[in-house]
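Subject: Structure handover

Hello,

Please find the structure below. My notes on it follow.

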Amino acid sequence: MAALSVHGLIAAALLEYARRTVLPPTALVLALVTSLGLAFLALASESATLTVLAALTVLFAAAAVRPGQGPVAAPAALGYASALACATGASLGLQPQHTALLVLVVPVVAALLAARAEDVPTTVSIEITGALAGLLAVGLAVAEPALLATVLALCGLIAAGTAVREDRRALGYAAAALFVLASWVRLAAWGVGSPEAYTLPVTVPALFLGAFRRRRDTAVSSWTAYAPGLSATLVPSLFAAWGDGQWPRPLLLGAAALAVTLLGARHRLQAPLVLGGAVLVLDALHELAPFIVQVVDALPRWTPPALAGLLLLALGATYEQRIRDARRVREVLGRMD
């Protein structure tokens with residue numbers, strides 16, 4: 001216990017010294033290193049772990065409001081708060097997926113603090129730490145799909161709330177992706193065999209809203225307007241088709257993906273072209289895989305390595321041309337909306 005007290009007093013003294021000195025970074029780093037040593041020493045007992053993590057959270061939170069200490073002290077406080085949430089869950093005997101809900105408190109606090117931070121370095125460090133805490137919560141909940149869907153949806157809600165800020169509008173894309181991913185995980189958790197019955201009622205109005213938004217504002221990209229609606233149905237249907245041994249679903253999915261791809265090419269829309277093309281290729285690959293395996297098994301053993309070598313030679317001989325083709329494709333996609 002004396003060793004813990006000594007380490008704690010040293011960390012507090014270094015933080016106080018960082019406030020008074022003209023070169024605070026060195027003292028802050030030393031305080032952080034000392035606090036990490038204190039945290040590891042406290043792992044010897046449950047009560048010491050909870051007490052030390054709570055004390056370090058408060059200590060660095062108090063230091064974060066001082067000028068010049070925010071970029072280091074604020075993320076340190078959030079990091080110790082995340083560790084405290086995990087330790088509290090373990091102390092209460094909670095499963096990891098339930099502990100994830102406690103950890104999600106940290107991203108919520110980080111989003112609120114980042115909105116009130118006055119300097120850019122502190123804001124960025126707080127947001128990065130909050131994002132890492134969100135990833136930790138997702139990792140803790142990954143073993144339970146139903147709860148994982150809830151955690152992903154809550155992360156999407158946090159991202160959407162952050163996107164309200166004028167300088168963080170881009171996080172709206174992350175929020176939409178998290179909400180869509182949460183819906184996919186929820187469908188998988190329910191064991192839904194026909195996800196289209198749940199996704200099409202979302203996709204159709206989403207596409208209409210996207211088209212209406214692009215009509216009002218031509219600067220809106222196709223990814224913003226159409227990608228959420230298209231991916232809401234295409235991706236779950238692709239996973240269902242890969243697990244379906246019958247032919248109707250892959251055939252219908254391939255036809256739909258081909259139609260989306262052709263519409264994207266016809267109207268020069270990047271999102272439908274890329275999403276439809278990717279789903280079409282993966283669907284075709286799944287259907288052709290058994291025939292490819294049969295052909296490979298029928299060939300002599302030396303044939304696949306020989307063909308692979310010839311392919312590498314051909315690519316090497318036409319390397320510059322392939323690079324020019326790749327750049328040309330990138331330029332064509334870049335000119336699309």
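A residue is called buried under 20% relative accessible area, exposed over 50%, and partly exposed in between, using a 1.4 Å probe and protein chains only. By that rule Ala 284 is partly exposed, because its relative accessible area is 34%. Ala 284 is found in helix α14 (residues 270-298); helices here are DSSP runs (H or I, at least four residues; strands are E, at least two), numbered from the N terminus. Ala 284 and Pro 250 are 34 residues apart in sequence, and their C-alpha atoms are 8.2 Å apart in space.

Two notes on the source. This is a predicted model, in which local features need pLDDT of at least 70 and side-chain atom pairs count only at pLDDT 80 or more, while totals for chains, interfaces and linings use all residues. Residues are numbered from 1 along each chain as its sequence is written, and side-chain values use heavy atoms, with hydrogens and water left out.

Salt bridges

How many salt bridges does a search of the whole structure find? The search finds 6, where a salt bridge is a side-chain nitrogen of Lys or Arg within 4 Å of a carboxyl oxygen of Asp or Glu.

One of them joins the side chains of Glu 127 and Arg 165, at 3.0 Å from N to O. This pair links distant parts of the chain: Glu 127 sits in helix α7 (residues 120-141), and Arg 165 lies 38 residues away in the loop between α8 (145-163) and α9 (171-190). Glu 127 is partly exposed, with a relative accessible area of 21%, whereas Arg 165 is buried at 17%.

Arg 165 also meets Asp 167 in a salt bridge, at 3.6 Å from N to O. Another salt bridge pairs Arg 169 with Glu 166 at 2.9 Å, N to O. Of these two residues, Arg 169 is partly exposed at 45% relative accessible area and Glu 166 is exposed at 62%. Salt bridges with shared partners join Glu 127, Arg 165, Asp 167 and Arg 168 into one network.

Helix packing

Two packed helices are described by the angle between their axes and the distance between the axes. Axes are lines fitted to C-alpha atoms, for helices over the stretch in contact, and angles run from 0 to 180 degrees between N-to-C directions.

The axes of α7 and α8 come within 8 Å and cross at roughly 165°.

The axes of helix α4 (residues 70-91) and helix α6 (residues 105-116) come within 10 Å and cross at roughly 160°. That makes α4 roughly antiparallel to α6. The contact is made by Leu 78, Ala 81 and Ser 82 of α4 together with Val 106, Val 109, Ala 110 and Leu 113 of α6.

Regards

Note on methods
Angles under 35 degrees count as roughly parallel, over 145 as roughly antiparallel, 65 to 115 as roughly perpendicular and the rest as oblique. Contact means heavy atoms within 4.5 Å.
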